Amino acid sequence: MGNVKSFLKKLKVLYVEDDESTRNVFGKFLSKKFETTISCINGFDGYNEYIKAKHDKSPFDIIISDINMPKIDGIEFLEKIRELDKKIPFIFTTART
């Protein structure tokens, strides 16, 4: 179990969620589990953050994203990321039942 925790602690996570309270609570949880967690308010901002990190040679290891968001939704965000990176793990979250 210690190896898993130390592995997770080294990861850089991009978290994209438009709901402010969810973003704050889950973002705080993620920041305790991973070395770096960057939170964004929609897919447009998340995509720009992804590009910036890639350009700075400090890419994300995983993306966690809401599906339903303004500007660029989670599905379109994933499609844009897949044009640049076919392998990065991508996890969807949603408040819909």
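Colleague: Is Asp 66 buried or exposed?

Modeller: Asp 66 is buried, because its relative accessible area is 5%. Buried means under 20%, exposed over 50%, and partly exposed in between, with a 1.4 Å probe and protein chains only. Bear in mind that this is a predicted model: local features need pLDDT of at least 70, side-chain atom pairs count only at pLDDT 80 or more, and totals for chains, interfaces and linings use all residues. Residues are numbered from 1 along each chain as its sequence is written, and side-chain values use heavy atoms, with hydrogens and water left out.

Colleague: Where does Asp 66 lie, and what does it touch?

Modeller: Asp 66 lies in strand 3, residues 62–66. Strands here are DSSP runs of E, at least two residues; helices are runs of H or I, at least four; both are numbered from the N terminus. Leaving out residues up to four places away in sequence, Asp 66 touches Val 16, Glu 17, Asp 18, Gly 74, Phe 92, Thr 93 and Thr 94. Contact means heavy atoms within 4.5 Å.

Colleague: And Ala 53, buried or exposed?

Modeller: Buried, at 4% relative accessible area. Ala 53 is in helix 3, residues 43–55. Beyond four places in sequence, Ala 53 touches Lys 12, Ser 58, Pro 59 and Phe 60.

Colleague: What about Gly 27, which helix is that in?

Modeller: Helix 2, residues 20–33. Gly 27 counts as buried, with 9% relative accessibility. Its contacts, again not counting residues up to four places away, are Tyr 15, Thr 22, Thr 37 and Ser 39.

Colleague: How far apart are Gly 27 and Phe 77?

Modeller: They are 50 residues apart in sequence and 19 Å apart in space, C-alpha to C-alpha.

Colleague: Switching to charge. Which residues form the positive surface patch?

Modeller: Lys 5, Lys 9, Lys 28, Lys 32 and Lys 33. Helix 2 gives the largest share, three residues. Patch members have over 30% relative accessible area and no salt bridge, and like charges are joined within 9 Å. A salt bridge would be a Lys or Arg side-chain nitrogen within 4 Å of an Asp or Glu carboxyl oxygen.

Colleague: Where's Lys 9?

Modeller: In the loop between helix 1 (2–8) and strand 1 (12–16). Lys 9 is partly exposed, at 38% relative accessible area.

Colleague: Which residues gather in the negative patch?

Modeller: Asp 73, Glu 76, Glu 79 and Glu 83, on the surface. Glu 79 is in helix 4, residues 74–84. Its relative accessible area is 49%, so Glu 79 is partly exposed.

Technical notes. Patches are made of residues with over 30% relative accessible area and no salt bridge: like charges are joined within 9 Å, nonpolar side chains (Val, Leu, Ile, Met, Phe, Trp, Tyr) within 5 Å. Accessible areas come from the Shrake-Rupley method with a 1.4 Å probe; for residues, only the protein chains shown count as cover. Lys and Arg count as positive and Asp and Glu as negative; His and the chain ends are not counted. The place of a charge is taken as NZ of Lys, CZ of Arg, CG of Asp or CD of Glu.
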